[in-house]
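User: Please take a close look at one helix in this predicted model. Start with the contact between the chains, then go to the helix.

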Amino acid sequence: MKDALVRSKKVANWKNKGNKSVLYLLVIIICAIIVMSLLDPKFFTARNLLNILNQQSTLGIATIGVAIAMISGCIDLTVGNLLACTAAIAALLLNAEVGVVWVILLTCISGLAAGFVNGLIVVKTKIDTFIATLGLMSVYQGLALIIPGGNNIYLRGKLASFGTYRVAGQIPIPVFYFIIVAIIAYFVMRYFKFGRRLYSIGGNPETAFLAGINLDRNRIGAYAISGFLASFTSLIVISRIGQSQPAMGVAYPLEAIAAAVIGGVALSGGRGSIPGVFLGVILLGLIRNSLNILRVQSFYQYVMLGVVIVIAVTLSNLGSRKKV
Amino acid sequence: MSERENILLEVRQCSKSFPGVKAFNKVDFDLYKGEVHCVVGENGAGKTTFIKMLSGALHPDEGTIIIGGKEYSHLNPALAHELGIQTIYQELSLAQDLTVAENIFVGNWPTNRLGLVSFEELYKQARMLLDSLKIDLDVQALVRTLNVPQKQSVQIAKAMAIEAKIFILDEPTAAYSTNEINNLLGLVKKCAENGVGVIYISHHLEEVFDIHDRITVLRDGNKVATHGKKEVSSEEIIREMVGRDVSKFYTREKADIDWAEAVEFQDFSDGGSVLGVSFKVHKGEILGFAGMVGSGRTELTRLIFGADSRISGTTIVEGRKVGINSPREAINEGFACLTEDRQKTGMILQHSVEWNTMLAHLNNSRGIFINEKLESKNVRQYVKSLDIKTPSIKQIVKNLSGGNQQKVVLAKWLYANAKIIIFDEPTRGIDIGSKEEIYKAMVELAKQGKYILMISSDMPELIAMCDRIVVMKKGKIAKVLDKEEISEENILTYSIGGTL
């Protein structure tokens, strides 16, 4: 009797640790794959599945940054426009004949610096993070136009292999980037004190503060990571499409937040896991891909996608919802 | 029987129990028109329960409430409002961005022919009302711009405007200056003159003696006595408030105090609730802090812990002056603070025992990685030595009992190597068995040579545990009681009686 109680509590703990949403997501994803495979044989092919992963890798990397900020209780809406800014910077540097390694390095540093500034502004002004980054979002939107003079900048084949190379002639390299970033993020959030601090701050800022955790410094760190990952994403995107565009990435912030929430990250912070976020991004891609294969008109796709997001989040929150 | 007609409210044999306590026990109470009836009692005497029953937030288990000749077994908030019972809070229930006049007549604004609010008429009526109550306020001022005492007088005016018959004021003067208190008392008297019955609850006996027509003393949920005007002295009231049997209470083991080693706090002020507080705590000593709610004890602990910013204050740890401006720095100097509200500020409820235990240690240790194995081993040790009852260290703390939660918070600080430990209401909401374990742990820490500060509103507990007791009143130290001076009567005398 007592053993059973302990066991059931252990199961409860395991579920509570955010694994529950991972579990639900896996079930949902497997169901979706089975249903789609039955509906259309084109779906369950290595080519199509790799395609989904490749498609989602850019949003995925940006989402991991956004999710890390969310876990610390902060919303980051800047990633999309910031991504367009660093894309322009990278493109200009490439056209100025700067070496590729330097371009990658400088772009990522600029993203990191921008994220740091975002964090600094958010913690120092103490404005609600949603509003503060909404304002900053507009600033980056402007900068994304100012930096390249409002133009698309073409790369003329430079940096092409960064985002389009296929490992062993098969697997697109962005898939590897996405997986590597996810693994690193998983370790940072799970085994680094920094990650533990972010969860603690998001879970209960007052308690974290009284336990000696520096709220400001850690939150700035989270924003810096988010900015860094956005800039890294921008490199993949421009490499793929061969140009930088001032309006690229505008849909990122909301899609990233949606993917993170599907993955079990709480909007209020403190809850969520990187594996969950990874699966959340995959699920979004899966749905979009399925709708394409089923030839659902793109207008209707938006509607379906929205419905699916709401259903998925409802399912993954089942049981943990409060009555009120 | 003319008195019968003047009776506004009668409470007959009302009782209310909570699990484990009889909060209110067969109490009779009445209130006449035009009377100020004061209610006094220690923390936990049943005053809040009483108010909540009258405002309809709590239902009595037995007894009746008679208002306007009608009997009720219980009230609810809407009914209480309808019957003219108004509880005046310090800040709540005013619309911050409306004017004084709009707030006073909220929902009942005079209108013109078109059905729109006639501001001319509104301001006129408001001014007349404020004048009649001798409240000196601009009726067109936004409530947001007022200070707390002014907001309170607006609330009273609002209650007068809807012709409420019974006002309840609960600790209305917390953090008020003498001048502001006198204004409020004047206003309350004015309302009573207009026929309102006032129930006035306060820790401050001077105020009570200034304003009362009658005084009712509560103790442990029982009514001790009701006195008429000028029938009693403050000494007698205090004697009636105390009288719990301390001897039956916990007897602690003695710890040796090293009087040569001390942590000294000099001149701590935050400009409002803590004013120039200085004291010393010695190695192995449990120093108690007594005082009524609002006397500044919790604020003081936050100040010395670096959680709030201070105007002045120096900390000297064993002869060495230390600068503490954040909890982080305090923790590095060996401070720990078990906060009053452990669920909100002591732990992260959705995380595990292990997580919560290592929270403060996290910042104290070197390196950027978490050594999970080592941490788990250490946490298990604390779980064992403090006898925390949990199925595993992975258990979510939300699922633990209050006593075990408190032990997790204590484990957190011990793991962070604390030597100066502040316990703020350490046993609030904890069952008796766990209470004793917390006491034992505290004495054990004292024996190990830690410095212990203990804040408690549970007087028998404070008396049983502490070597000396600092009595606070209105943000200042009223008296430091040595071991032989400690008694419930002395503590009460200094925390509520006399003049400052």
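Analyst: The contact draws 24 residues from chain A and 25 residues from chain B. On the side of chain A that touches chain B, the elements giving two or more residues are helix 1 (2-39), helix 8 (193-203) and helix 9 (205-210) of chain A. Helix 8 of chain A gives the most, with six residues. By type, this side of chain A has eight nonpolar, nine polar and seven charged residues. Bear in mind that the model is predicted.

Now the close look, at helix 15 of chain B, residues 372-385. Start with its length. The helix has 14 residues, so at 1.5 Å a residue it should span 20 Å. Its end C-alpha atoms are 20 Å apart, which agrees.

Next, its two faces. Glu375(B), Val379(B), Tyr382(B) and Val383(B) are buried in helix 15 of chain B. These residues cover an arc of only 100° around the axis, so they sit on the same side of helix 15 of chain B. What do the buried residues of helix 15 of chain B pack against? Their partners are helix 13 (353-357) and helix 16 (402-415) of chain B. The face turned away from the buried side of helix 15 of chain B carries exposed residues: Lys373(B), Leu374(B), Lys377(B) and Lys384(B).

Last, what comes after the helix. Asp387(B) follows helix 15 of chain B, and its phi is positive, near 55°.

Terms used
Residues are numbered from 1 along each chain as its sequence is written. Chains are lettered from A and ligands numbered from 1 in the order in which they are written. This is a predicted model: local features need pLDDT of at least 70, side-chain atom pairs count only at pLDDT 80 or more; totals for chains, interfaces and linings use all residues. Two residues are in contact if their C-beta atoms, placed from the backbone, lie within 7 Å. Helices (H or I, at least four residues) and strands (E, at least two) are DSSP runs, numbered from the N terminus. Ala, Val, Leu, Ile, Met, Phe, Trp, Tyr, Cys and Pro count as nonpolar, Asp, Glu, Lys and Arg as charged, and the others, Gly among them, as polar. The expected span of a helix is 1.5 Å times one less than its number of residues. A residue is buried if 20 or more other C-beta atoms lie within 10 Å of its own, exposed if 12 or fewer, and partly exposed in between; C-beta atoms are placed from the backbone. The arc is that of the directions from the helix axis to the C-beta atoms.
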